[in-house]
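I am opening a notebook on this structure.

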Amino acid sequence: MDHFIYRNGVLHAEDVPVPEIAAAVGTPFYLYSAATLSRHLRLFDEALEGLDHLVCFAMKANSNLAVLKLMGDLGAGMDVVSAGEYLKARAAGIPGERIVFSGVGKTREEMRIALEGGIRQFNVESEPEMEALNEVALSLGKVAPVAFRVNPDVDPRTHAKIATGKAENKFGIPISRAAEVYARAARLPGLEVVGIDVHIGSQLTDLEPFELAYGRVAELARRLRAEGHDIRRLDLGGGLGIPYERANSAPPLPVEYGEVIRRTVGDLDCEIEIEPGRLIAGNAGIMVSRVIYVKSGEDREFLILDSGMNDLVRPAMYEAHHDIIPVAEPAPGAERAVYDVVGPICETGDTFARGREMPAMAAGDLVAFRSAGAYGAVMASEYNSRPLIPEVMVRGDQFAVIRRRPSFDEMINRDTIPPWL
Ligand code: LLP
């Protein structure tokens, strides 16, 4: 359940009619529901109730400061993957002790920033990274808390571009070599081993891969403890999928995911961290766009929108499905049509949906892309010199622009022409 519903014939975000926001900020724009974000975070807290745990929001999914502040105020930690994300989390008021630093290619500069600013743990993904972190920590007179991300070689059965836990992927240390790496880490004075980290992929719609991966992590934890390591924390990553196609998908619920966690690692008396991104933010956001033209092609109708693949890249990049619904609720029995829904960008990949059956639309109508709150705004670009679109948050009957639309001048003036040109 989310808080984007038709009321009195128009789509509302919580208690605000979407057309009202469109009139105030122009289209296209992203729109988030604070109530939905909070509710999704709570679902994970409830799923892990009774276990010592911290939900670290994977802010790569949505890193708007207002979203981070909302999460942080509810007690969430953050999973960050760059100095930029770390600094944004801090700017949103998240204390360092609630921030975990993931990512396969942290630079020494990024390590320094996090160590100086305060960090809960680094999820280290390779031996060279371990050596670098040890050196940076020692140079600062600090000890870095470390979990190693292990690669359990489990097929997460998701889109190839977002699978991370197979042996062929660039992520983590092969689980078969983990004991050796932990032994080496224990001898490095700049590191303190605190736990194990795993993340096998994103948009998982099946719990079995989690069960397999976490089982392997549990086995490793027992072995490492037997070898004298103080394994007291398990970071189980993110990845739980969401229903992108309302009509015919029902991925597992956080509570069921919580049961997998209890079953596999619940008896280890470890503090549990999880890093969900998509499930918290995905269905807490929509992208609102306007139909510019309805164009008749040789054998099909094109619905040409004012948003493009630069604003929401997921369909072009992952063949992802987003439900596209009219903002004005169609009357029962209203005419339906089949469209290729496209943006204005000069390439064919700028297609949001092919052969999509939906209510008949006309130029000027507003549409909403559902499930756009995660990996939407954060992946946007200014391709075709289209300024980034604004983000708006609703809470109850109020809304606020949480990132404004830059002016054309701002976009143009970021470039500089050298004096010799
Ligand atoms: N932790 C780590 C280490 C990750 O790499 C990711 C996602 C997450 C947590 C959060 O996963 P989630 O709960 O959101 O599934 N841009 C793609 C998704 C890329 C996910 C990358 N890593 C998309 O739009 O589908």
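**Entry 1: Glu 319**

I began with the contacts of Glu 319. Leaving aside residues up to four places away in sequence, Glu 319 touches His 159 and Arg 314. I note here that the model is a predicted one. Next I asked where Glu 319 sits. Glu 319 lies in the loop between helix 11 (314–318) and strand 16 (324–326). Is Glu 319 buried or exposed? Glu 319 is exposed, because its relative accessible area is 59% and the cut-off for exposed is over 50%. I also checked the spacing to His 159.

**Entry 2: Leu 133**

I moved on to Leu 133, which is found in helix 6. Leu 133 has a relative accessible area of 1%. The cut-off for buried is under 20%, so Leu 133 is buried. Which residues does Leu 133 touch, not counting those up to four places away in sequence? I listed Met 111, Leu 115, Phe 122, Val 124, Ala 144, Val 146 and Leu 191. I then looked up Val 143, ten residues from Leu 133 along the chain. The C-alpha atoms of that pair are separated by 9.4 Å.

**Entry 3: helix 6 and its partners**

I took helix 5 (residues 108–117) against helix 6 (residues 127–139). They pack at an angle of about 50°, and their axes are 10 Å apart. That angle makes helix 5 oblique to helix 6. The crossing of helix 5 past helix 6 is right-handed. I wrote down who meets whom. Helix 5 brings Arg 108, Met 111, Arg 112 and Leu 115, and helix 6 brings Glu 129, Ala 132, Leu 133, Glu 135, Val 136 and Ala 137. Sorted by class, this contact has six nonpolar, no polar and four charged residues.

Then I turned to helix 6 and helix 7. Their axes come within 11 Å and cross at roughly 15°. That makes helix 6 roughly parallel to helix 7. The crossing is right-handed. Glu 127, Met 130 and Glu 131 in helix 6 meet Val 181, Arg 184 and Ala 185 in helix 7. The classes here are three nonpolar, no polar and three charged residues.

**Entry 4: helix 2 and helix 9**

I looked up helix 2 (residues 34–47) against helix 9. The angle is about 30° and the axes are 8 Å apart. Helix 2 is therefore roughly parallel to helix 9. Helix 2 passes helix 9 in a right-handed crossing. On helix 2 I noted Leu 43, Phe 44, Glu 46 and Ala 47, which meet Pro 254, Val 255, Tyr 257, Gly 258 and Arg 262 in helix 9. By class I have six nonpolar, one polar and two charged residues.

**Entry 5: helix 8**

I checked the length of helix 8 (residues 208–226). At 1.5 Å a residue, its 19 residues should span 27 Å. The end C-alpha atoms are 27 Å apart, so the two values agree. Which residues of helix 8 are buried? They are Pro 209, Phe 210, Ala 213, Tyr 214, Val 217, Ala 218, Leu 220, Ala 221 and Leu 224. An α-helix has 3.6 residues a turn, so residues three or four places apart point the same way. I followed the buried residues of helix 8 to their neighbours. They pack against strand 9 (144–151), helix 7 (178–186), strand 11 (191–197), strand 12 (233–235) and helix 9 (254–265). Last, I noted that Gly 228 follows helix 8, with a positive phi near 100°.

Definitions and conventions:
Residues are numbered from 1 along each chain as its sequence is written. This is a predicted model: local features need pLDDT of at least 70, side-chain atom pairs count only at pLDDT 80 or more; totals for chains, interfaces and linings use all residues. Side-chain values use heavy atoms; hydrogens and water are left out. Helices (H or I, at least four residues) and strands (E, at least two) are DSSP runs, numbered from the N terminus. The expected span of a helix is 1.5 Å times one less than its number of residues. Buried means under 20% relative accessible area, exposed over 50%, partly exposed in between (1.4 Å probe, protein chains only). Contact means heavy atoms within 4.5 Å. Axes are lines fitted to C-alpha atoms, for helices over the stretch in contact, and angles run from 0 to 180 degrees between N-to-C directions. Angles under 35 degrees count as roughly parallel, over 145 as roughly antiparallel, 65 to 115 as roughly perpendicular and the rest as oblique. A crossing is left-handed if the near helix is turned anticlockwise from the far one by less than a right angle, and right-handed if clockwise. Ala, Val, Leu, Ile, Met, Phe, Trp, Tyr, Cys and Pro count as nonpolar, Asp, Glu, Lys and Arg as charged, and the others, Gly among them, as polar.
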